[in-house]
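Let's walk through this one together, a piece at a time. Have a look at the picture before reading on.

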Amino acid sequence: MSPKTRRSSKPLSHIESEAKIGVKTRYHLKRLSRDNIRDMGRQISKVSHNNPLVVFSAIPNQIESYDNLILMMVDSFKFVTVLGLDVLGYCLVMSLGGDSKSFQDEGRSKPKEDGVNSAQFHLRLKHLQEPSTENFPMLKLEDYYHT
């Protein structure tokens, strides 16, 4: 098989692992509340050790839907490794891109012509970023937000 005809894809075991981690992440994020923040934060951090990109790409979608979870999620980040925080910063920056393909892939609604959906989403991400950088100085995202 020549290099041009060869497909570059992930091994099946990686795809299966990502799917399992995605299911576990959504399970723990659905059950996150003020009462069980410590337990769910630890569970999310345990899941994120294997594949932090899958875990932290689900968080901007969760924040867009439920803005009252922002402070609880920031509290749960204290159990995450430095690599996980780095990946979280990457996922937040990528969620700000907002091209039409990422809106369709992540299930996010397209921004209205007046920019209402986009403005709410950016505001919620800013509310996540502010306490995150206070608690975790290694997570610096101020340059991406112009207020």
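## How H1 meets H2

Start with a crossing: H1 and H2 cross in a left-handed way. Left-handed here says that the near helix is turned anticlockwise from the far one by less than a right angle, while clockwise would be right-handed. H1 packs against helix H2 (residues 37–50) at an angle of about 165 degrees, and their axes are 10 Å apart. That makes H1 roughly antiparallel to H2. The cut-offs for such words are under 35 degrees for roughly parallel, over 145 for roughly antiparallel, 65 to 115 for roughly perpendicular, and oblique for the rest. Each axis is a line fitted to C-alpha atoms, for helices over the stretch in contact, and angles run from 0 to 180 degrees between N-to-C directions.

Who does the touching? On the H1 side there are Ser17, Ile21, Lys24, Thr25, His28 and Leu29, and on the H2 side Met40, Gln43, Ile44, Val47 and Asn50. Contact means heavy atoms within 4.5 Å. Sorted by class, the contact of H1 with H2 has 5 nonpolar, 5 polar and 1 charged residues. For those classes, Ala, Val, Leu, Ile, Met, Phe, Trp, Tyr, Cys and Pro count as nonpolar, Asp, Glu, Lys and Arg as charged, and the others, Gly among them, as polar.

## Where the model comes from

This is a predicted model, where local features need pLDDT of at least 70 and side-chain atom pairs count only at pLDDT 80 or more, while totals for chains, interfaces and linings use all residues. Residues are numbered from 1 along each chain as its sequence is written, and side-chain values use heavy atoms, leaving out hydrogens and water.

## The chain as a whole

How many helices and strands are there? The chain has 7 helices and 0 strands, where helices (H or I, at least four residues) and strands (E, at least two) are DSSP runs, numbered from the N terminus. Of the chain's 147 residues, 39% count as buried. Buried means under 20% relative accessible area, exposed over 50%, and partly exposed in between (1.4 Å probe, protein chains only).

## How H1 meets H3

Helix H1 (residues 12–30) also packs with helix H3 (residues 52–65), at an angle of about 40 degrees and with axes 9 Å apart. H1 and H3 are therefore oblique to each other, and their crossing is right-handed. H1 brings Glu18, Ile21, Gly22, Thr25, Leu29 and Lys30 to the contact, and H3 brings Val54, Val55, Ala58, Ile59 and Gln62. By class, that gives the contact of H1 with H3 6 nonpolar, 3 polar and 2 charged residues.

## A few residues up close

Is lysine 30 buried or exposed? Lysine 30, in helix H1, counts as exposed because its relative accessibility is 64%. Glutamine 62 sits in helix H3 and, at 15% relative accessibility, counts as buried. Leaving aside residues up to four places away in sequence, glutamine 62 touches Leu29, Lys30, Leu69 and Met73.

Now hop to serine 76 in helix H4 (residues 70–76). Serine 76 is buried, with a relative accessible area of 3%. A polar atom of its side chain lies 2.7 Å from the backbone oxygen of methionine 73. Histidine 127 and aspartate 67 are 60 residues apart in sequence, and their C-alpha atoms are 8.8 Å apart in space.

Notes: Polar contact = N/O pair within 3.5 Å; in protein donor to acceptor, adjacent residues only side chain to side chain.
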